[in-house]
Amino acid sequence: MDSPDTPRRRAPRTPEQERATAIAQERRQAILIRARRIRRSVAALTATLFSVAFLVIYVQLASGHDPALDANAKRTAAEKADKVSSSTNSTGTTSSSGSSAPATSTESSESVESSSASTSSEDEASTASEESSSSASAVTTSQS
Amino acid sequence: MTSTSILATAVGPHLFWITSRAAGIAALVLSSLSVCIGLLMGGGIVKRQRLELRVTHEALALATLGALLVHGLSLIGDSYLHPSLADVAIPFLSGYMTLWTSMGIVAFWMLAILGLSYYARTRIGVQRWRVLHRFTALAWILGIAHSLGEGTDAGQAWFLAMTGIVVVPALVLLVIRHLGSARASAGPAVTAGERRAARKLSAAAIPQPDWSDHGLA
């Protein structure tokens, strides 16, 4: 009786079996070669895709047409414009021109003068209205 | 100074960012191709050249994972966002576009786990693995949503055209597959026992060759 360690004896292979094994090995080899070729093609495709995408983005960025940087530039410009317009509004809103352009020193002095003039005219108007109201009250008292 | 060096100086600070964007685009294309081939194989649409398809599917999936690793890790070097490793690896941690970023991170982990589980499918159980592997399509869809929602180039015509070319065929195949499986599930339900019995019957009906005379028994 054979012990479990002793290798099993194989029957001698017939030439047909040898030929079949050789064919199977050839086919296996061919499959392995095809698989390797496919893997290489995929690696090449990956490298090409990455390179093309990199180049497109690089050129886009270098030529100043990058979407993110464009958006940033637009946002910054809009913020600047907002700041400028708000500063113009705070200094020269009562100027007769009414433009949103930043005011020069002469324009601002003029606007200050015009604003002071307007305040004086407002004062005059208020005194006039007081006078008219007093006169009105006089009228009412006279009527009564 | 030459024009090339001027360009390099201008683009230099953004190199990590460009690398990340390019790798993301490559990953989107590769994953879409991989999903396409997987659906062609699984749906039984292509019945010949299965070996080539399987090898291509596997290689594309591995290339996708590689591109996704480059996409995430290169962002760490970006001087503008400057995220940590945790920011790019753990969902809902990054403060930048949290929802879209988290969607991308979840998609990556799903793709990695479901994709690499192929090598442990005998341990998991082939049938169970196949069911799990279907969720790869969900991860792919999450990835597309991430690229369209957060991608810097998402508004660009070339990006949308490229995405359409690779994504639409895969989506069509996915719909066909789901319609097919829905139709199959609407038919009479076959239990596992019935399937086993049918297999035994067919095995008994087909005469088995006697290999003993070839020394192969």
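Read along the sequence, chain B follows the pattern α-α-α-α-α-α-α-α-α-α, that is, 10 helices and 0 strands, where helices (H or I, at least four residues) and strands (E, at least two) are DSSP runs numbered from the N terminus. The model is a predicted one, in which local features need pLDDT of at least 70 and side-chain atom pairs count only at pLDDT 80 or more, while totals for chains, interfaces and linings use all residues. Residues are numbered from 1 along each chain as its sequence is written, and chains are lettered from A and ligands numbered from 1 in the order in which they are written.

Of the 217 residues in chain B, 29% are buried, a residue being buried if 20 or more other C-beta atoms, placed from the backbone, lie within 10 Å of its own.

Turning to the interface, 27 residues of chain B are in contact with 20 residues of chain A, two residues being in contact if their C-beta atoms, placed from the backbone, lie within 7 Å. On the side of chain B that touches chain A, α1 (3-11), α2 (15-42) and α3 (50-75) each supply at least two residues, and the largest share, 9 residues, comes from α2(B).

One helix pair can be followed in detail: the axes of α1 (residues 15-62) of chain A and α3(B) come within 9 Å and cross at roughly 35 degrees, with axes taken as lines fitted to C-alpha atoms over the stretch in contact and angles running from 0 to 180 degrees between N-to-C directions. Residues making this contact include A:Ile31, A:Ile38 and A:Phe50 of α1(A) and B:Leu51, B:Val55 and B:Ala67 of α3(B).

Notes: A residue is buried if 20 or more other C-beta atoms lie within 10 Å of its own, exposed if 12 or fewer, and partly exposed in between; C-beta atoms are placed from the backbone.
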